[in-house]
Amino acid sequence: MCGVAGFLTTIPSMSSNAGAIVTDMVDTIRHRGPNDSGVWVDIDAGIALAHRRLSIVDLSQAGHQPMTSASGRYVIAFNGEIYNHLEIRHELDKLRYDSSLAMTGKDVFWRGHSDTETLLAGFEAWGIETTLKKTVGMFAIALWDREEKVLTLARDRMGEKPLYYGFQNKIFLFGSELKALKAHPNFLSEIDRDVLCLYLRHCYIPAPFSIYKGIQKLLPGTYIQVRLGTDSSSETLAPKAYWSMADVVAKGLASSFEGSDAEAIRALDSQLKKAIGLQMMADVPLGAFLSGGIDSSTVVALMQAQSTRPVKTFSIGFDEEGYNEAEYAKAVAQHLGTDHTELYVSSAEAMGVIPLLGKMYDEPFADSSQIPTFLVSQMAKEHVTVSLSGDAGDELFCGYNRYLLADTWKKIEHVPFGARKFSGHLIKKLSPATWDGIFQQAGKVKKFPSNMGEKLGKLANRLEKVDGVNELYYSLVSEIDYPEQIVIGATEPKTWLTQKGMHSSFKDAKQHMMFMDSMTYLPDDILVKVDRAAMANSLETRVPFLDHRVVELAWNLPMAMKIREGETKWILRQVLYQYVPQQLIERPKAGFGIPLGDWLRGPLREWVESLLDEHRLHREGFFNADFVHELWHAHLTGRRNNQLLLWNILMFQSWLEEAS
């Protein structure tokens with residue numbers, strides 16, 4: 001994995017000092033590529049490209065970037081992996097014997113075996129969009145066309161690799177992380193209060209927005225092209241889609257898989273094996289995260305089935321009851337015969353990560369599982385350079401509890417709204433801590449998911465306010481209904497979710513939720529969390545479920561194969577049970593989390609109160625201090641469990657402290 005940075009300008013003083021400036025930019029993301037660095041500048045054209053390299057495939061200098069194509073037309077800075085690049089090379093080799101190509105000087109003669117060189121050869125032979133469509137991989141690409149004087153930025157289909165861009169003082173900046181853009185002397189660092197509302201609602205900032213005015217995230221499955229002299233007053237550059245998740249979903253639902261259960265299981269097993277086999281390609285040590293759940297266990301099982309030696313697997317555990325899955329991971333590892341490493345982390349060690357988060361995530365980000373994700377990445381890096389993960393199984397195979405709630409809610413809707421509202425009011429008569437105590441006692445008879453008090457509190461809020469499945473989903477993905485109550489002088493912007501996603505037409509509400517999660521929560525929360533936590537440790541992560549052919553197959557499978565008799569991820573379970581006994585997997589679904597609420601009231605209390613100090617909030621001027629203090633007091637006394645909204649605010653405050 002790597003990092004890219006650069007800029008395009010018509011300002012002479014910037015061009016003359018471009019090499020030093022772009023070097024400063026890319027050095028801020030050294031963690032993404034500690035093995036090598038490179039800079040390419042064309043002063044006359046006003047373009048500067050820079051690259052930091054984490055050597056994974058072709059460790060020689062033949063993989064050095066920025067890299068120039070064989071003809072000299074294209075220069076690329078590329079972050080990612082093209083898993084099928086050998087297949088693409090084979091296709092290009094066939095073209096080598098085409099006399100028409102030979103006459104135009106587009107013969108392919110390989111200098112090394114890097115996928116970067118393969119991409120460049122593809123761009124020369126087929127053009128940009130056709131080449132992107134042929135790829136299977138994850139990537140963020142900056143490509144300069146020396147002939148046409150055009151810069152192309154491209155991002156992978158599902159949004160695994162990040163890419164930021166935008167005009168600042170008439171200079172077009174781009175990079176893998178915001179810190180690279182901020183290193184440019186023309187960067188404005190103007191915080192967007194309106195976007196801060198979106199962050200408080202979702203715990204992350206949805207694409208294409210960023211925390212800074214004038215800077216955007218490139219959308220998954222798209223590319224943009226910038227010509228020298230492009231009007232810098234334009235608020236957006238129109239992304240062009242080379243692949244569309246919406247099209248995949250529509251096609252899959254229109255022509256659903258008609259084979260038997262056995263045929264579907266074989267098809268999924270085969271496609272996952274192919275994806276995982278490709279993603280095991282590396283010239284460095286490789287392993288996998290293993291939680292012992294369905295998704296990661298499936299990935300590891302199919303890795304081990306294709307490996308001649310024990311796969312290296314990694315898990316972390318906590319001593320706190322309800323947050324430790326290490327014992328389940330260990331049992332799966334023992335059954336599969338992996339080379340397993342586990343680490344039990346104390347609360348002090350976990351809390352020691354918190355001061356690093358603002359700089360690590362570069363903009364406010366408040367999924368608290370970022371902490372264990374960082375810790376397991378840190379441990380894995382001691383043994384491997386690449387680690388596969390089981391992310392995206394929930395979105396593709398109907399795994400989240402909220403999908404089940406869609407069907408339940410349809411039944412609830414038959415109950416008069418007044419009765420629903422009264423039921424919610426009764427539930428809230430007891431505090432979350434009291435409900436947790438009740439379920440702890442009930443757990444002696446039947447197992448329940450963790451944090452039942454918090455979950456009941458959320459259900460109560462929805463019983464009191466929500467009417468309709470679309471409103472239910474929006475409520476489920478919102479930490480606060482009216483963020484403008486907290487953010488001073490802000491108006492919450494419209495998003496893809498509010499303008500398009502919630503107005504899409506689906507017969508099944510579960511499918512609708514899965515689609516919206518795949519377009520928003522997956523790329524903007526889950527994949528951001530993993531990318532930053534892993535790259536902070538110079539560890540490359542790969543997500544086999546996001547091979548676009550797996551995604552397309554998953555959406556082609558009928559819902560009855562994803563959820564059956566109340567059991568989520570039914571077909572994925574059937575694939576897994578061919579390798580791992582069912583009894584090692586079956587248990588209530590648990591998140592990859594930490595006991596955040598208790599930590600905020602306990603060992604983190606002093607840190608919380610320093611960040612939420614009334615004078616500080618007034619001086620900074622972003623948050624309504626009275627509202628924030630009421631949130632904190634209600635949480636501190638146990639009246640309400642406000643841990644997630646408080647964590648949102650605290651992560652902004654911590655980020656602001658780092659960014660200032």
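Arg-73 forms a salt bridge with Glu-147 (a side-chain nitrogen of Lys or Arg within 4 Å of a carboxyl oxygen of Asp or Glu). The closest N and O atoms are 3.8 Å apart. The pair joins distant parts of the chain, 74 residues apart. Arg-73 lies in the loop between β4 (67-68) and β5 (74-82). Glu-147 lies in the loop between β6 (137-145) and β7 (150-155). Helices (H or I, at least four residues) and strands (E, at least two) are DSSP runs, numbered from the N terminus. Arg-73 is partly exposed, at 25% relative accessibility. Glu-147 is exposed, with a relative accessible area of 54%. Here buried means under 20% relative accessible area, exposed over 50%, and partly exposed in between (1.4 Å probe, protein chains only).

The model is predicted: local features need pLDDT of at least 70, side-chain atom pairs count only at pLDDT 80 or more, and totals for chains, interfaces and linings use all residues. Residues are numbered from 1 along each chain as its sequence is written, and side-chain values use heavy atoms, with hydrogens and water left out.

A search of the whole structure finds 34 salt bridges. One of them pairs Arg-32 with Glu-177, at 2.8 Å from N to O. Arg-32 is buried, with a relative accessible area of 0%. Glu-177 is buried as well, at 1% relative accessibility.

Arg-542 and Glu-540 meet through their side chains in another salt bridge, at 2.5 Å from N to O. Arg-542 counts as buried, at 0% relative accessibility. Glu-540 is likewise buried, at 0%.

The search of the whole structure finds zero. Cys-203 is in no disulfide. Its nearest cysteine sulfur, that of Cys-197, is 14 Å away. Cys-203 is buried, with a relative accessible area of 12%. Cys-398 counts as buried too, at 0% relative accessibility.

Methods
A disulfide is a pair of cysteine sulfur atoms within 2.5 Å.
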